[in-house]
Amino acid sequence: MLSPRTRHRLFRAGFRAITATGADRWLAPAARGRGVILTFHHVRPEPVPGFAPNALLSITPAFLERTLALLAARGFDLIGLDQVPERLAAPESGKPFAVLTFDDGYRDNVEHARPVLARHGAPWTLFVTSDFAEGRGRLWWLELERAVARLDAVRLGSGLVLPARTDAEKTAAFETVYRALRAGPEPVLLDEIARLCREAGFEPGGLARELCLNWGELRDLARDPAVCIGAHTLSHPMLAKHDAAFAEREMAESRARIEAELGRPVRHLSYPVGDPTSAGRREFETAKRLGFATGVTTRPGHLFAGHADHVHALPRVSVNGLHQSDAALASLLSGVPFLAWNRGRRLNVA
């Protein structure tokens, strides 16, 4: 298995090759389909430190500005998520569309992304995890980062001890622990990371209060007509790792809680983590039965006419903090990398 660093080096080389050959322009009409849903997490100006294993989830306001500028230059219509089912079902207009979505409900989305979006008149969707808005959810991937940053050695319950004195050692330790825990049951993952947090001198469950919008802040945001609020479950679990009743409750009760707090309907769902190990056909059918208008994944790809029949399994393209370059952005907006990624398939909904 390739290490994350090797994988990202290959991505960078691929992006440069696509733009150097002009493939981002001459293949785009076939590759980009009807449009694209972009995924963002953090937007903040802070420089990335030496140990930053979650840096892929964070872009700068300046890069968000460049993203919006390139969307305009490449002729994309910026539309809200509400319009996607209709646009997919309608005859092709010849002009692609783009949708901007932000997961988890981070405060920096309001502080740093919202002013940029407002300057461009861009509609956007914020997917809210109810427990994070309560200030009591587990941002476990960030807890793991903070714990490893503070520890000189990382011990797993299996008895494995990993050195963590230098940035390089910390990065390797994070990657090892992350892969091991992601492969197993989610309760074990949460328990192991909670133990590491306590070893590092802080209690798990506090990062949501520090980083995420609370209900009062969300009520203020919800008054903005440019903003659509969507559901991102109650507690941000990998739904496919739990039984059907648990998964349905996470989806349905998160919507009910947001609607009760904000006084506006919630029509869209984002599956936490969103890859095939976290959301699959059972989750897509549940979202449809619960009456959500759309469900978005993190399966990479653009949108095609065939997605009109699979609006609860929509792919998205992550704007990755490790690839804040014009070459990467142009490649991703062209859809060309996903021809190889999805092995020529336009739909990846199983």
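Student: Which residues is Leu-126 in contact with, leaving aside its neighbours within four places in sequence?

Tutor: In this predicted model, Leu-126 is in contact with Phe-102, Gly-105, Asn-109, Leu-213, Leu-218, Leu-221, Cys-228, Ile-229 and Gly-230. Each of these has heavy atoms within 4.5 Å of Leu-126, so each pair counts as a contact.

Student: What makes Leu-126 part of a nonpolar core?

Tutor: A core joins buried nonpolar residues through side-chain atoms within 4.5 Å. Leu-126 belongs to the largest such core, which has 54 residues. Leu-126 is also listed with Leu-38, Leu-64, Leu-100, Phe-102, Leu-117 and Ile-229 as having the most contacts inside that core. Apart from it lies another core, of 30 residues, including Tyr-106, Leu-142, Ala-164 and Met-238. In soluble globular proteins, nonpolar side chains tend to be buried together.

Student: Which domains does the assignment give?

Tutor: The domain assignment gives domain 1 as 4-137 + 211-342 and domain 2 as 140-204. Their centres, taken over C-alpha atoms, are separated by 27 Å.

Student: How do you know that domain 1 and domain 2 touch?

Tutor: Contact requires heavy atoms within 4.5 Å. By that test, 22 residues of domain 1 are in contact with 17 residues of domain 2. The two domains bury about 1600 Å² between them, with 57% of it on carbon and sulfur atoms. Of the area that domain 1 buries against domain 2, Phe-51, Asn-54 and Met-238 supply 37%, more than any other three residues.

Technical notes: Residues are numbered from 1 along each chain as its sequence is written. This is a predicted model: local features need pLDDT of at least 70, side-chain atom pairs count only at pLDDT 80 or more; totals for chains, interfaces and linings use all residues. Side-chain values use heavy atoms; hydrogens and water are left out. Domain bounds come from an automatic or database domain assignment. Buried area is the accessible area (1.4 Å probe) that two parts lose on being put together, summed over both. Buried means under 20% relative accessible area, exposed over 50%, partly exposed in between (1.4 Å probe, protein chains only).
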